[in-house]
Amino acid sequence: MTPVQAIIAKELRGYFVSPVVYVVGAIFLLIFGFLSYLYVVYAGYQAIQLMQMQGGQAQLNLNDLVFRNLFASMRFVLLIILPILTMRLFAEERKLRTFEFLMTSPIGINEIVAGKFVSVFLVFLSLLGLTGLVPTVLMLFSDFDWNPIWTGYLGMTLLGALFISVGLLASAITENQIVAAFLSFGILLLVWLISGLGALLGDTMLGQIISYVSFMDHYDRLVRGLIDTKDLVYFFSSLAFMLFLTHRVVESTRWK
Amino acid sequence: MSLKVLPLGIIGTVLAVAGLIAYSLSPDLLWAVTIAEGLALLCLILFFILHFDAVKAFSSRRSTHMGANSLLMILLVTAILVIVNFLASRHSIRWDLSENQNFTLAPQTYRVLRSLPQEVKITVFTREKDPGYTGYKERLESYRQASNKLTVEFVDPERQPKIAQNYGIFRTDTAIFESNGQTIRITSPSEVELTGALLRISKPAKKRIVFLEGHSERSLEDKERNGLSLAKEALSKQGYDIGTLSLLKDAAVPDDTAVLVLAGPRNQVTPEEQSRIQTYVDKGGHLLVMVDPDTKADLAPLLAHYGLGLGQGVLVDLQDRLAQGDLTSLLVRTFTEHEITQDLTAAVLFPLARHLTFDEQTGKDWDYVPLARTSPNSWAETNMQGRVVSLNEKEDVKGPLPLAAALSPKKAPEEGTPRPAIVVVGNSTFATNAFFNFPGNTDFFLHTTGWLAEERDLISIVPKEPALRPFTPNPTQERALLYIQVLFLPIMTMLTGVMVWRKRRRL
């Protein structure tokens with residue numbers, strides 16, 4: 001077993017024996033299922049309304065009325081759920097004083113950071129995999145296009161990975177888990193909100209830069225069914241940057 | 001007291017920051033800010049001199065070295081990532097997997113975008129909740145991706161009413177194209193509209209729309225209820241040059257006429273004039289005829305040449321009509337799929353209209369598309385004496401009946417020659433000031449003139465059908481969805497959690 005695998009295995013064991021992951025997972029799945037249910041029922045009402053009105057030009061399909069809204073709403077759910085999953089990663093080690101053991105062990109910082117990131121990411125992916133039941137069940141009753149759903153899931157995966165890396169950084173900064181959760185929540189919310197500022201500044205240079213820095217537009221395009229290399233580059237580079245910063249923060253404990 | 005006791009470092013930093021804040025608040029007080037910054041500099045220099053040993057010790061500490069090193073690395077990585085993202089945003093590749101190919105533009109659009117001669121500024125007045133918002137957002141992003149000559153700005157007319165007022169916006173989902181002192185407005189985010197606006201604004205010469213006069217037609221200058229001043233204003237805003245023409249004085253329709261309009265003639269149009277109009281159309285001209293019931297214009301010879309005829313009587317509709325209005329106030333909602341009608345979102349109000357007929361034999365060379373129709377509960381009433389409420393099978397013509405139609409030749413014209421087109425509407429009142437601001441009426445009038453004046457190659461953009469796959473769950477399906485989607489997974493997860501927890505407790 002390589003050091004990264006060892007770290008992943010240890011973290012995953014930690015997750016699955018504690019009730020946190022089950023509670024968080026159940027709430028995540030409940031919200032995902034409930035939102036999709038509400039959107040389906042609402043789409044039904046809307047279809048009836050629009051079909052009564054002739055000349056209604058609105059797009060009337062599940063992709064547009066259900067999945068697009070569902071994926072858009074899940075941003076906010078991820079923003080709350082993922083910091084809770086990541087808050088313990090380094091903060092708990094510091095609190096329990098096992099951090100020193102980890103740092104003095106022959107495992108490199110790269111491997112520690114990678115192992116911890118991958119472990120939460122796997123937990124997140126398994127939750128995301130379970131949500132696949134929702135479109136599968138809907139497929140039995142109705143007709144929709146799968147392609148935008150795949151891109152929506154790709155968007156959720158990339159956004160989740162980015163959120164996890166921010167949570168990892170926050171957890172590396174402090175030894176208090178609550179502070180870590182709030183810190184990552186705050187950072188992500190701020191990055192979310194600045195997209196509003198970017199929209200307000202419009203097509204100016206500054207507006208474009210600010211809109212680009214926020215994950216909102218990048219995620220939106222994926223949810224709407226467009227895979228653009230610039231969005232992929234954005235997600236991968238910001239993910240790499242967050243992991244790099246985490247590496248720096250963890251390494252800084254060795255300076256004293 | 002020694003200077004060393006004073007917290008010079010803190011004082012210096014506070015002064016420096018306070019100076020910057022003061023400058024940002026009131027740049028006029030530059031002298032005060034200069035003094036503050038000067039003092040700050042003095043304090044910091046003094047601090048470094050007085051605490052030189054401490055500063056030296058700090059800078060030679062291992063952690064300081066490592067910190068500086070780390071900071072440098074972070075800056076370097078940031079710079080690399082900024083460059084990578086900049087390059088990626090400039091040279092991106094896209095795969096459009098959306099259900100309706102929303103991000104893929106027609107080849108004609110790419111051609112127009114590539115040949116844009118100058119910068120075009122597009123201001124879109126829309127709110128997130130408006131139906132056109134996503135359409136504008138998606139399409140214009142693809143447009144901007146394809147051309148760097150476009151600047152796009154989204155304005156929420158509720159949040160920024162001043163800008164909306166300056167542009168004279170009275171409905172949302174409106175986009176204003178500005179370039180070279182010209183402005184064009186559109187009200188739908190369809191590719192046909194967007195590309196059409198770009199094509200029009202990039203042409204230096206304005207297209208000329210000419211209204212025929214001399215037969216008591218509705219006047220362009222008349223600002224009263226029966227005038228066409230609002231229609232004229234709307235056409236000017238679309239970037240057209242508007243003029244009038246008398247075929248009694250002039251021997252022919254001028255060659256630069258993009259569209260010739262007959263706006264409700266009431267007196268006879270002489271056979272001579274009709275033959276001049278026919279010559280104009282046969283040479284590739286575009287004609288819009290709006291003709292009311294009970295007119296003495298007698299356009300039959302001209303229209304019959306193309307197989308068209310004007311039905312007798314006045315259209316009466318029990319179903320598609322204005323709620324408080326007369327049975328003859330038609331609120332038409334049934335449109336045939338055509339470039340003119342494809343983006344119509346509101347019904348069109350035609351007060352007092354007549355229907356049209358088409359003779360397949362005479363008009364066999366022409367493609368006839370009835371644009372708007374009355375409902376099946378309608379008829380053309382030939383006897384308007386007294387109150388009309390019922391259909392007289394013997395005299396009246398039973399609906400649904402067409403009251404607007406477009407005609408274009410079946411055969412493609414020879415290379416380089418313009419293709420004629422005719423639109424006939426059995427009513428001219430809909431375009432008068434009294435009814436023009438009715439949303440459907442504005443759109444129908446502008447779409448019609450737009451279609452007639454437009455380059456024909458533009459019209460070949462196939463409009464994207466909205467993906468219509470409605471799903472209304474029945475009660476059983478709804479309950480099944482509730483059990484499987486909402487309850488099953490979370491309960492299973494929770495149960496697993498409880499089981500793990502119990503197992504752990506027993507250990």
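Helices here are DSSP runs of H or I at least four residues long, and strands are E runs of at least two, numbered from the N terminus. By that count, R94(A) sits in helix 4 of chain A, which spans residues 88-95. The model is predicted.

## The two chains

Chain A contains 12 helices and two strands. Read from the N terminus, its elements follow the order α-α-β-α-α-α-α-α-α-α-α-α-β-α. The chain has 256 residues, and 56% of them are buried. Take the contacts in chain A between residues at least 6 apart in sequence: 77% of these join residues at least 24 apart.

Chain B has 507 residues, of which 46% count as buried. It holds 14 helices and 21 strands. For contacts in chain B between residues at least 6 apart in sequence, 73% link residues at least 24 apart.

## Helix 8 against helix 12 in chain A

Two helices of chain A pack together here. Helix 8 covers residues 147-173 and helix 12 covers residues 229-252. Their axes lie 9 Å apart, at an angle of about 15 degrees. Angles under 35 degrees count as roughly parallel, so helix 8 and helix 12 of chain A are roughly parallel to each other. Their crossing is left-handed.

Which residues in helix 8 of chain A meet helix 12 of chain A? The helix 8 side includes L154(A), L158(A), L162(A), V166(A), L169(A) and I173(A). Across from them, helix 12 contributes residues including L232(A), F235(A), F236(A), M242(A), L245(A) and V249(A).

## Helix 4 against helix 8 in chain A

Helix 8 of chain A also packs with helix 4 of chain A. The axes are 6 Å apart and the angle is about 15 degrees. Helix 4 is therefore roughly parallel to helix 8 in chain A. This crossing is right-handed.

From helix 4 of chain A, the contact uses R88(A), L89(A), F90(A), A91(A) and R94(A). From helix 8 of chain A, it uses L168(A), S171(A), A172(A) and I173(A). The residues of this contact comprise six nonpolar, one polar and two charged.

## R94(A) and T174(A)

Is R94(A) buried or exposed? R94(A) has a relative accessible area of 16%, and under 20% means buried. Beyond residues up to four places away in sequence, R94(A) touches F99(A), A172(A), I173(A), T174(A), E175(A) and T253(A). One of these, A172(A), is 78 residues from R94(A) along the chain. The C-alpha atoms of this pair are separated by 8.8 Å.

T174(A) lies in the loop between helix 8 and helix 9 of chain A. Helix 9 covers residues 177-201. T174(A) is buried, with a relative accessible area of 13%. A polar atom of its side chain lies 3.0 Å from the backbone nitrogen of N176(A). Leaving aside neighbours within four places in sequence, T174(A) contacts A91(A), R94(A), V179(A) and A180(A). A91(A) and R94(A) also belong to the contact between helix 4 and helix 8 of chain A.

## Helix 4 of chain B against chain A

Helix 4 of chain B, residues 62-90, contains N85(B). What does the side chain of N85(B) join through a polar contact? It joins the side chain of S237(A), at 2.9 Å. N85(B) is buried, with a relative accessible area of 10%. Its contacts, leaving aside neighbours within four places in sequence, are Y212(A), V233(A), Y234(A) and S237(A).

V77(B) is partly exposed, with a relative accessible area of 21%. Buried means under 20%. Its contacts, setting aside neighbours within four places in sequence, are F241(A) and F244(A).

Technical notes: Residues are numbered from 1 along each chain as its sequence is written. Chains are lettered from A and ligands numbered from 1 in the order in which they are written. This is a predicted model: local features need pLDDT of at least 70, side-chain atom pairs count only at pLDDT 80 or more; totals for chains, interfaces and linings use all residues. Side-chain values use heavy atoms; hydrogens and water are left out. Axes are lines fitted to C-alpha atoms, for helices over the stretch in contact, and angles run from 0 to 180 degrees between N-to-C directions. Angles under 35 degrees count as roughly parallel, over 145 as roughly antiparallel, 65 to 115 as roughly perpendicular and the rest as oblique. A crossing is left-handed if the near helix is turned anticlockwise from the far one by less than a right angle, and right-handed if clockwise. Contact means heavy atoms within 4.5 Å. Buried means under 20% relative accessible area, exposed over 50%, partly exposed in between (1.4 Å probe, protein chains only). A polar contact is a pair of N or O atoms within 3.5 Å; within protein, one must be able to donate a hydrogen and the other to accept it, and residues adjacent in sequence count only if both atoms are side-chain atoms. Ala, Val, Leu, Ile, Met, Phe, Trp, Tyr, Cys and Pro count as nonpolar, Asp, Glu, Lys and Arg as charged, and the others, Gly among them, as polar.
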